[in-house]
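Here is a brief report on one model. It covers a sheet, its helices and the nonpolar cores.

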Amino acid sequence: MGNTAAQTTKQRHDYHTVTWYKNWKFITSGIGIILILIVIGLSYYQANHFNAEITMNNVNVGHLTAEEALKKLHASVLTNEVYIESELILDGKDTQMEFTEDDLPAIKKHLKSQWTFFPSFKSKNYSLLPKNKDIYRSETLKKEFEQKLISMNQALQAPKDAQAILENGEIIISESVDGTQYDVTTLLKNYDKQEYSSDIQLESSFILPIKEDSEIVKNEKNKLQQLLKQTVEYKVQDKLYSLKASDLIKNATVTKDLEVSIDPANITNEISEINRSQSTLGENFTFKTHSGRIISVKGQGYGWALDVEKEAALVIEAFETGGKSLSATNIIGNGWNNEGYGYNTLTNNGIGDTYAEVSIKDQRIWLYKDGKLVLTTNVVTGKHSTQQDTLPGVWYILYKRSPYILTGSTAGNPNYSIEVDYWAPFTNSGQGFHDAGWRNNWSSNAYLTAGSGGCVNVPPNVMKEVYNNLETYEPVVVY
C-alpha cells in the first residue's frame, strides 16, 4: 500500500512537471515570436523613418518618411533674411522651398545614410539643394545683396593700402590703415556656400589693405629705384639734353600694375627753360643785312617754340615706360594753324641762307638763295603818312598765287578789288609782294605819302622773276 501511494505522488509530480514544461515552452515561443515581430517592425520603421533629431536644411524631419519629409520641405517658408554676424543686411521676400518629386531620391539617400537599428536621438542636419534651381534665392536675392553691400560701402571707411612713393626725392613706404568696407567678392562666394535654409548667416569679411611688407609694396619700391636711375636723351634741333630722373623727378607713385605716375612740375619747368633758351618765336633775330650791317629784327610770323605741355608729357612718358631718347615733335608758332617755322633751320642765326630782305629806308628788296644774291630791285612799301607802313619783323611766305584778285580796304578806298599777276603774302593781315601795274611813282620816297596799303609793290617788269625766286615758308626780313 505504501509503495502505491508513493508511486501515485510521483506520477502526479511528473505530470505537473511535464505540464509546466509544455506551458513554459509555449510561452517562450510566443515571447520569441513577439520579439521577432517587434524587431521586424522596428527595423521596418527605422528603414523608412528619419531618427527623431534629424533636420534637413534646418527643417525637422524626425519620425517622417522620405515622402513626408519632401512634403514638409516643400511647405517650408524661406524668410530669405541675410545676416552678417547678428546684423540684418537684407530682408528678402518670403518664398517656399523649391523641392519637387525629382528630389525624392536625394531625400531617400539621406534617409538611408542616417539609419540606425535602434532609434537614435543624435542631432544631424543634412543640406539639400532642389534640382529645380531657386532663381529668386540664387540670382535675384544674391544681386540685391550685392547691391546692398556696394551701397553700404559708400558710407564706410575704405582701407588705405601701404604704398611705396617718391616724395621730395626720397622713396618712402606709407602706412596701411584698416577700413570698415565689406569684401563684397568674398561675401558673395560665402553666400553661394550657404545651406538652403530659411535665412542666410554670414561671417564678417572686410576689404584688407595691402601691408607694408607685401610683395606688391616691394615691387613698387624696386620700380621707383629703377626710375631714379634713368636718363632720357632729349634732342631739340641740334642740341642734346641729358635729362636725369634723379634730378628732375621728386614726386612719383606706382600703381598696383607697376605703372609709374610722375609729378610733371619739375620736368615741365625744365622743358620751359630749354624752350626759352632755343625758341625763336617772338624773339629778336640777329640779322646781317646786304651791306654787312648787323641788326636785330623781331620774329613775327616766322619763328618756332616748343609746346611745353605736350613736350613735357612726352618726356614723362619716356621716363614712365623706360624710353631712352626722343626728339622734340610738338612745334608751335604764328602760322594759321599755330604751326611754327624755322625749327629745322640752323644757319644764319635761324633765318637760313634762302630769304627775302626788305629795307623800308632803302625801298629795296634783295633775294638770296643758298646764301647767294639772285635778285635785287627797287620797291614801294606801305604808305607812311597814313600809318599803313609795311610791318617790320621776320615773316615768311604764306603761299603763292598767280594770278590773284586782291580785296580789302585802304585809306581813301574802303572796298577795293583788283587783279594782280603775282601774289606772295607774308603776313596774316594781308601784306605781301605783288606787281602794281597801276603805279606811276616808283621813287625812293614815294612810300612816305604815296605808298601802298601795306604791301610791297614790285615793278611789273621784274615781278615774275621775284615771284619765281620766292619759296613758300621762306623767311622775309622787313626792317
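The sections below take these topics in turn.

## Basis

This is a predicted model, where local features need pLDDT of at least 70, side-chain atom pairs count only at pLDDT 80 or more, and totals for chains, interfaces and linings use all residues. Residues are numbered from 1 along each chain as its sequence is written, and side-chain values use heavy atoms, with hydrogens and water left out.

## The sheet

Three strands form an open sheet in the order β5-β4-β10, with mixed pairing. Strands are DSSP E runs of at least two residues, helices H or I runs of at least four, numbered from the N terminus. Pairing takes at least two DSSP bridges between two strands. The edges are β5 (87-91) and β10 (200-202), each pairing on one side only. Twist averages 20 degrees from one strand to the next.

β4 (residues 81-84) pairs with β10 in the parallel sense, over 3 bridges. Ile84 has Leu202 in β10 as its bridge partner.

## Helices across the sheet

Helix α4 (residues 135-153) lies across β4, β5 and β10, at about 125 degrees to β5. Helix α5 (residues 184-193) lies across β4 and β10, at about 135 degrees to β10. Angles run from 0 to 180 degrees between N-to-C directions, with axes fitted to C-alpha atoms, for helices over the stretch in contact (heavy atoms within 4.5 Å).

## Nonpolar cores

A nonpolar core joins buried Ala, Val, Leu, Ile, Met, Phe, Trp, Tyr and Cys residues through side-chain atoms within 4.5 Å. Buried means under 20% relative accessible area (1.4 Å probe, protein chains only). The largest core has 33 residues; Tyr234 and Phe319 are among those touching the most other members. Helix α9 (residues 308-321) gives the most to this core, with 6 residues.

A second, separate core of 25 residues includes Leu375 and Tyr422.

Definitions and conventions:
Buried means under 20% relative accessible area, exposed over 50%, partly exposed in between (1.4 Å probe, protein chains only).
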